[in-house]
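This briefing starts with a single residue and then widens to its surroundings. Please look at the sequence and the structure below before reading on.

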Amino acid sequence: MTVLEQGQIQIHTENIFPIIKKAVYSGHEVFLRELVSNGVDAISKRRMAAMAGDCSEGTEGIIAIRIDREAKTLTISDNGIGMTADEVKRYINQVAFSSAEDFLEKYKSESDAIIGHFGLGFYSSFMVASRVELVSLSARPGAEAVRWSCDGSPNFSLEGAERTEPGTDVVLHLMEEELEYIEPSRIRTLITTYCDFLPVAVQLDGETVNKREAPWRKSPRDLSDDDYINLYRYLYPFQGDPLLWVHLNTDYPYNLQGILYFPRITGRADWEKGEIRLYCNQVFVSDSIKEVVPRYLLPLRGVIDSPDIPLNVSRSALQTDRRVRSIGGFVAKKVGDRLKELHRDEPGRYAEIWDSLAPFIKIGAMEDEKFAEQVADLILYGTTAAAAEPPEDGEEATGLDPVATDGRTYTTLAGYRGRLAGDNADRILYCTDEAGQAGALALWKGQGAEVLLADTLIDSQFIPWLEARHGDLRFQRVDAELDASLHEPESELADAEGKDSGEKLRDLFKAALDDDKITIQVQSLKGEGSPAALILLPEQMRRLNDMGALMEQRLPGLPDHHVLLVNRRHPLVEGLLKLSAGAVITGSDTTSPSRQLAEDLSRHIYEVARLAVGGLEPNQLAGFQQRSSDLMGQLMQRGL
Ligand SMILES: Nc1ncnc2c1ncn2[C@@H]1O[C@H](COP(=O)(O)OP(=O)(O)OP(=O)(O)O)[C@@H](O)[C@H]1O
């Protein structure tokens with residue numbers, strides 16, 4: 001074979017390849033992605049050149065990968081446009097190698113990793129091969145086949161070769177330490193990882209391995225729900241089906257396609273990792289692109305495919321890139337639009353999946369003002385109100401509020417406010433713990449008040465945020481205070497000592513509890529089932545306690561300062577009053593058995609109220625249990 005040329009590649013670094021190999025010490029596998037991408041490019045170039053009449057059309061484009069175990073070679077062939085000797089000199093010796101220098105230059109100055117080492121190009125073959133041969137025949141008429149060979153030093157040789165069909169073979173003579181790439185299973189995995197959605201068949205030893213179809217490149221009109229769900233199942237196997245998806249498609253001011261899915265969140269969502277897969281022209285780049293979408297969308301899954309995300313820069317540079325930021329904004333906007341659409345068109349389904357959507361939406365609203373505006377009317381709250389009746393014809397009504405689901409009834413803040421009346425038109429009643437605040441909640445419900453249920457972990461931050469945003473509204477937790485509608489007006493005659501029964505009860509409880517931090521109030525609560533006593537936590541008091549707990553990184557618990565509301569109408573309290581009055585009438589002093597029993601009962605009533613709000617520590621429970629039995633024993637003896 002005649003030697004066409006031997007020469008030195010003009011590069012500044014004397015021997016670039018060992019440096020590349022060292023710099024890109026991990027992820028050598030990307031060489032396959034780079035070489036297959038070059039083949040795909042060559043195939044589409046040939047198609048375009050054929051359309052312009054510049055070369056023969058050829059058969060369907062194919063990338064064929066062959067393994068030769070004996071020769072320890074891996075060959076990547078395409079039937080694309082090929083290269084003439086001149087083109088090899090220009091594109092391989094100059095373009096490829098000058099971008100190698102570029103890459104190294106960038107790599108040196110950036111401390112953090114370049115995403116997926118993207119754009120390494122042809123010379124990435126030297127990460128795994130000690131010698132690379134390229135045999136190419138240009139599809140242009142009259143071209144002759146050439147063989148280029150290089151061992152990683154700047155020296156190359158170029159000679160005539162045998163190749164009858166246009167296209168290029170890249171033959172990699174694998175280094176001893178890179179022989180993993182001779183294993184078909186390894187190559188197969190690499191093809192499905194990086195080249196699965198490429199529009200050209202990628203074959204391994206004659207068998208097509210990749211999927212080829214990239215649904216996100218299609219129009220949403222041509223995709224069924226099943227198509228979306230199947231892609232999700234394929235990308236995230238055994239993760240359950242997605243709740244909702246958003247098809248992204250824009251070509252201005254940047255080119256971007258993709259499909260994002262809201263996963264069904266079980267347990268804690270991962271706000272750190274990021275599971276959206278990044279592609280560039282259907283070639284897989286990375287499965288964690290924290291830098292491209294806003295943080296609150298990180299638990300979303302799916303694909304973003306854009307050639308306009310700069311990938312040969314460091315991650316930190318990506319984060320501050322203006323275009324990337326605007327892509328993040330675009331994605332958030334599209335997600336917001338899709339949520340709006342679902343809320344408008346299918347309020348029932350929206351409410352059904354609300355619990356899974358809530359973390360994204362609430363965190364998004366708190367972190368991103370634009371997003372907050374978009375979703376302002378889409379935030380749902382569990383409510384104690386009855387659901388609105390759907391229209392008779394059974395069709396799903398738009399704007400239905402409150403909406404019932406299997407588990408809960410939901411409303412929006414606007415819906416709730418629409419139902420508020422008169423003096424309380426600006427008061428938002430909410431409950432953060434249905435069990436712990438059951439007594440107070442029942443009282444409000446008994447009087448027909450609607451209460452919002454804000455009981456998820458995130459609500460402890462979300463409610464204060466909401467309050468700050470709605471300065472015109474008053475947010476009041478159900479157990480903060482009871483307004484006049486919940487108790488009877490007080491009208492009572494004082495006894496001979498000038499004390500009414502309220503004062504007497506107050507004195508009794510004060511003596512029994514002997515704790516200045518507990519404020520005792522006596523009221524006649526309305527409603528049949530109202531409890532004997534309730535613990536109330538005035539807003540200011542509770543907030544201070546919550547804040548202190550937050551600063552000390554502990555659970556808030558029951559603050560030492562709290563209110564004990566005694567319900568004078570309750571038979572137990574009425575009996576208590578009689579018991580203590582008896583003690584006075586018979587002239588007993590504070591140590592009389594009746595007085596002692598009255599105080600023990602008062603303490604017991606207090607502890608039961610405390611127990612109901614989860615305010616008894618585990619170590620107090622044993623004492624409580626003991627006192628309960630003692631008290632019942634005493635009462636039993638009195639009754640017998
Ligand atoms: N299989 C091939 N068939 C035809 N031309 C090729 C082939 N592989 C490489 N080339 C030519 O060599 C040039 C350099 O390739 P290289 O992979 O280094 O960079 P690139 O593809 O231009 O950019 P990138 O850095 O994104 O990979 C290509 O632009 C192309 O003209």
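Leaving aside residues up to four places away in sequence, Ser 602 touches Leu 508, Phe 509, Ala 512 and Leu 576, where contact means heavy atoms within 4.5 Å. The model is predicted: local features need pLDDT of at least 70 and side-chain atom pairs count only at pLDDT 80 or more, while totals for chains, interfaces and linings use all residues. Residues are numbered from 1 along each chain as its sequence is written, and side-chain values use heavy atoms, with hydrogens and water left out.

**Ser 602 and its helix**
- Ser 602 is part of helix H17; helices (H or I, at least four residues) and strands (E, at least two) are DSSP runs, numbered from the N terminus.
- Ser 602 counts as buried because its relative accessibility is 0% (buried is under 20% relative accessible area, exposed is over 50%, and partly exposed is in between, with a 1.4 Å probe and protein chains only).

**Helices H14 and H17**
- From H14, Leu 508, Phe 509, Ala 511, Ala 512 and Leu 513 meet residues of H17, including Arg 595, Ser 602 and Tyr 606.
- Residues of this contact between H14 and H17 comprise eight nonpolar, one polar and three charged (Ala, Val, Leu, Ile, Met, Phe, Trp, Tyr, Cys and Pro count as nonpolar, Asp, Glu, Lys and Arg as charged, and the others, Gly among them, as polar).

**Arg 627**
- Arg 627 lies in helix H18 (residues 618-639).
- With a relative accessible area of 34%, Arg 627 is partly exposed.
- Between Arg 627 and Arg 603 there are 9.5 Å in space, C-alpha to C-alpha, and the two are 24 residues apart in sequence.

**The whole chain**
- The protein chain has 18 helices and 23 strands.
- Of the 640 residues in the protein chain, 50% are buried.
- Among contacts in the protein chain with a separation of 6 or more, 70% are between residues 24 or more positions apart.
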